[in-house]
Amino acid sequence: MKKPSAAPERTLEVLQQFRLIFGAMRQHFREVEARCGLPGAQMWVLQEVQRQPGIGVSELAGLMGIHQSTCSLMVDRLVALGCLERKAMHRDRRRVGLCLAAQGEAAIEALPGPAEGVLPAALSSLPEVALKTLQINLDELIRHIPGKNEAFARTPLAEIVQSDMKG
């Protein structure tokens, strides 16, 4: 027996909430790129390096919840742009850490808000019980989405939103 579906009005209201969230993310990442000259995902890398000078690429990828190869590509690009520097660490010369370069510091100073985006910032401000409830409900929603691509779970929001802006 098929479960009764949600009322069309409620479905539309929730859809509009998703539109509002997506629109806010899009607007934020456009402003980040306009002010800083770099995409939001790259700015997030810079912000995390600023917070933890000497961080390695593996640690950085874990902190951002992205694949290490994705992180490595962003780091390579930021090094080439003069935003990041790779430096041998004092205690273990074999270990290379990341530090902000002058271009990276200038970009960070221009940030209009959190580099990781408005959604992660908003989620981190929720009480634990609300966040857990949201997680449970989103898991249920995702279960009903055909053709979902799990790779998106490890892709920075800025890259997902940005690819939409270019299309």
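Leaving aside neighbours within four places in sequence, Leu 98 is in contact (heavy atoms within 4.5 Å) with Val 49, Pro 53, Gly 54, Ile 55, Val 57, Leu 60, Val 75, Glu 85 and Arg 86. This is a predicted model, where local features need pLDDT of at least 70, side-chain atom pairs count only at pLDDT 80 or more, and totals for chains, interfaces and linings use all residues. Residues are numbered from 1 along each chain as its sequence is written, and side-chain values use heavy atoms, leaving out hydrogens and water.

**Leu 98**
- You can find Leu 98 in strand β2, residues 96–100 (strands are DSSP runs of E, at least two residues; helices are runs of H or I, at least four; both are numbered from the N terminus).
- Leu 98 is buried, with a relative accessible area of 1% (buried means under 20%, exposed over 50%, partly exposed in between, using a 1.4 Å probe and protein chains only).
- From Leu 98 to Gln 68 is 30 residues in sequence and 15 Å in space, C-alpha to C-alpha.

**Helix α2**
- Because 10 of its 12 residues are buried, α2 is largely enclosed by the rest of the structure.
- Among the buried residues of α2 are Gly 40, Trp 44 and Val 49.

**Where α2 meets α3**
- Helix α2 (residues 40–51) and helix α3 (residues 57–64) pack at about 115 degrees, with axes 11 Å apart (axes are lines fitted to C-alpha atoms, for helices over the stretch in contact, and angles run from 0 to 180 degrees between N-to-C directions).
- Ala 41, Trp 44, Val 45, Glu 48 and Val 49 of α2 make this contact with Leu 60, Leu 63 and Met 64 of α3.
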